[in-house]
Amino acid sequence: MDSRICDLLNIQFPILQGAMARISDASLAAAVSAAGGLGIIAGGTAPVEVIRAEVKKAKELTDKPFGVNIMLLSEHAEEIAKMVCEEGVKVVTTGAGSPGKYMKMWKEHGIKVIPVVPSVAIAKRMERSGADAVIAEGTEAGGHVGELTTFALVPQVVDAVEIPVIAAGGIADGRGMAAALMLGAEGVQLGTRFLSAYECNIHPNYKEKILNAKDIDTVVTGRSTGHPVRILKNKLSRKFIELEASGAPREEIEALGVGALAKAVMDGDMDYGSIMAGQIAALVKKEQSCKEIIMEMMEETELLLHKDWRQL
Ligand code: TUI
């Protein structure tokens, strides 16, 4: 498949593995990169040395390029921004903010920079500040989300910038990927689909929840506090909604989320853990290797784009 994304990132298939805080470690990222996509280690809110160790591990596991995501709300963002330069990381993606102040340093180190953007205005700003591509992420995605849907956002961003656009949010199979390419995207980023990968080291309860999820099982909490996060419905999400509706102070609502992601990912607490997942979770039905996921995606996409959809 001919794509500016493959040339830019030196990868075989234009499929990125979305950074998932506390989840996307060296094991997942290296498996995706080894399979011809771009694996991405999530910085999340972890300290720099934790992420540096994952970068070193990924280098041991694969010779292929991989990326690091810097979550800009993290207090450790600045140190991780410097660490990727020291470690010779090839690609940086960013989330939950504007990476403008790091752009010059990254470019000087030859790093390809791909910010996640939730709107046309931010996409244009990122292009002006030197981004190599943008990831247009719709509100169907899991975790911290914007307002616009992937279907509305992607073609508008494609029209607004010259750099390549990667679509994210609500994509989990070849139909989604083919549709994204039709909207003008040149690559896709998947998070939720990779949660079911053998190489994804989440608690088995989390994986089971994803495999059993239905279409209406996600909800966005925190819109009222300015930190909207899509998670699977559970006791935690109900508590969030209750508190938000009661007009509780912002600090009280945000306190609910502290440590909740670790509870889900590490302890398997499906009641009070924050089970981040996208709206497409119900489409994820089986455990597979990253290689199987990527090959299946590419086969389906190519059938849809070039051959006969009735063969699917
Ligand atoms: O970043 C994400 N998704 C995430 S990050 C995360 S970890 C987390 N931990 C604690 C609190 C909150 C989150 C879980 N999921 N997606 C990328 C994304 N970026 N979505 C939306 C944005 C975004 C929003 C505003 C990007 C830029 C932006 O710019 C604002 C501005 O004015 O520059």
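Is the crossing of α3 and α4 left-handed or right-handed? Hold on to that one for a moment, and hello, everyone. What we have on the screen is a predicted model, and I'd like to walk you through a few places in it.

Let's start with how helices sit against each other. Two packed helices are described by the angle between their axes and the distance between those axes. That gives us a simple way to read each pair.

So, back to our opening pair. Helix α3 covers residues 48–61 and helix α4 covers residues 77–86; their axes come within 10 Å and cross at roughly 30°. Angles under 35 degrees count as roughly parallel, and that makes α3 roughly parallel to α4. As for the opening question, the crossing is right-handed. Which residues meet there? From α3 we have Val48, Ile51, Arg52 and Val55, and from α4 they are met by Glu79, Ile80, Met83 and Glu86. Sorted by class, this contact has five nonpolar residues, three charged ones and no polar ones.

Helix α3 has another partner, so let's turn to that. Helix α2, residues 26–34, packs with α3 at an angle of about 35°, and their axes are 9 Å apart. Here, too, the crossing is right-handed. On the α2 side you can find Ala26, Ser27 and Ala30, while α3 brings Glu54, Lys57, Ala58 and Leu61. That contact counts four nonpolar residues, one polar and two charged.

How far apart are the axes of α6 and α7? They are 9 Å apart, and α6 packs with helix α7, residues 150–160, at an angle of about 35°. Val120, Ala123, Lys124 and Glu127 of α6 make the contact with Leu153, Gln156, Val157 and Ala160 of α7. Five of these contact residues are nonpolar, one is polar and two are charged. The handedness of this crossing is right-handed.

Next, the ligand. How many residues surround the ligand? There are 14, and the closest are Ala96, Ser98, Val116, Glu137 and His144. Zoom in on the side chains and you can pick out some polar pairs. An N or O atom in the side chain of Ser98 is 2.4 Å from an oxygen atom of the ligand. Arg125 has a polar side-chain atom 3.3 Å from a ligand oxygen. Glu137, in turn, has a side-chain N or O atom 3.2 Å from a nitrogen atom of the ligand.

One last stop, and then I'm done. Where is Glu186 found? Look in the loop between α8, residues 174–182, and β9, residues 187–190. Its side chain makes a polar contact of 2.7 Å with the side chain of Arg4. Leaving out neighbours within four places in sequence, the contacts of Glu186 include Ser3, Ile5, Pro14 and Leu181.

Note on methods: Residues are numbered from 1 along each chain as its sequence is written. This is a predicted model: local features need pLDDT of at least 70, side-chain atom pairs count only at pLDDT 80 or more; totals for chains, interfaces and linings use all residues. Side-chain values use heavy atoms; hydrogens and water are left out. Axes are lines fitted to C-alpha atoms, for helices over the stretch in contact, and angles run from 0 to 180 degrees between N-to-C directions. Helices (H or I, at least four residues) and strands (E, at least two) are DSSP runs, numbered from the N terminus. Angles under 35 degrees count as roughly parallel, over 145 as roughly antiparallel, 65 to 115 as roughly perpendicular and the rest as oblique. A crossing is left-handed if the near helix is turned anticlockwise from the far one by less than a right angle, and right-handed if clockwise. Contact means heavy atoms within 4.5 Å. Ala, Val, Leu, Ile, Met, Phe, Trp, Tyr, Cys and Pro count as nonpolar, Asp, Glu, Lys and Arg as charged, and the others, Gly among them, as polar. A residue is near a molecule or strand if one of its heavy atoms lies within 4 Å of it. A polar contact is a pair of N or O atoms within 3.5 Å; within protein, one must be able to donate a hydrogen and the other to accept it, and residues adjacent in sequence count only if both atoms are side-chain atoms.
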